[in-house]
Amino acid sequence: MRDDKEFTQLWHDNATGMWARWLTGDYKRALEIGSFEGASAIWLLDLFPKLKVTCVDTFSPGFDDVTGEYEQRFDRNVEEYGNRVTKLKGKSQDILKTFSKRSKFDLIYIDADHTYEAVLEDLKLSYPLLKKGGLMILDDYDNKDFGVKQAVDEFLKDIDVQVLRERNDYQMAFIKL
Ligand SMILES: C[S@@+](CC[C@H](N)C(=O)[O-])C[C@H]1O[C@@H](n2cnc3c(N)ncnc32)[C@H](O)[C@@H]1O
C-alpha cells in the first residue's frame, strides 16, 4: 500500500500476497469493476509499468465511506498515471453493456456490488471481455455476508476455467481456457 496516497480503507492489503502469486502474465489491459479510492488499481499499475486500467465505479456517496469524497480521492490518487487510467462513472451493469465485444482485457477484477444478482450480472457482462488465458479475480468469494460465492459457482457451472484458490481466503480467481 502506497503511503503517499490518500486511502481510508486498506481492503486490498489482504490480497496482495495472493495477487503476487496469481499474476504471472504480461498484462497490458485490465478492467476493474469497483475501484473506490484506487488502491487495487494503483497496486497493479505500479507492478506492471505497461498496464492500462479501466476503472468502473458509481462513485456514489451512499457507499461505505468515511467522508463521502472517495471519488475526489480516487482522482487525486490516480492522477500521476495519466492516460494509463480510464475512469468510467456509473453502475457496472449499465457501463459494461456499452463495451464493444471486440474490447478484450488480460485481467478483470470484480469488487463492486457484492449481492448475488449484481455479481452474476457483472460476471455475465465482463467474462466475454476477458481474453483466453486471461485472469479474472473476485473479492469476498468466501464471505458469507455476501452473494459472491453463489453467483460465481452458478456462473462457472458450465464454463471451462482453471480455478485458482488458496485456503481460507476471501478471494478467488480463475483463468479462462
Ligand atoms: C470494496 S470497494 C472497491 C475497493 C477497491 N477495489 C480496492 O481494493 O481498493 C467497492 C466499490 O464498488 C463500487 N460499486 C458498488 N456497486 C457498484 C455498481 N453497481 N457499479 C459500479 N461500482 C459499484 C463502490 O462505489 C465502491 O467504490
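Predicted model: local features only at pLDDT ≥ 70, side-chain atom pairs only at ≥ 80, totals over all residues.

Visitor: How many residues surround the ligand, and which are the closest?
Guide: There are 20 residues around the ligand, and Gly34, Phe36, Ala39, Ser40 and Asp113 are the closest. A residue is near a molecule if its C-beta atom, placed from the backbone, lies within 6 Å of it.

Visitor: Which elements give two or more residues to that shell?
Guide: They are helix H2 (39–47), strand S2 (52–57) and helix H4 (92–95). Helices (H or I, at least four residues) and strands (E, at least two) are DSSP runs, numbered from the N terminus.

Visitor: Is leucine 45 buried or exposed?
Guide: Leucine 45, in helix H2, is buried because 20 other C-beta atoms lie within 10 Å, and the cut-off for buried is 20 or more, with C-beta atoms placed from the backbone.

Visitor: What does leucine 45 touch?
Guide: Not counting residues up to four places away in sequence, leucine 45 touches Leu51, Val53, Tyr81 and Arg84. Contact requires C-beta atoms, placed from the backbone, within 7 Å.

Visitor: Changing topic, at what angle do H5 and H6 pack?
Guide: Helix H5 (residues 116–126) and helix H6 (residues 148–156) pack at about 40°, with axes 8 Å apart. Axes are lines fitted to C-alpha atoms over the stretch in contact, and angles run from 0 to 180 degrees between N-to-C directions.

How values were computed:
Residues numbered from 1 in each chain as written. Buried ≥ 20, exposed ≤ 12 C-beta atoms within 10 Å, placed from the backbone. Contact = placed C-beta atoms within 7 Å.
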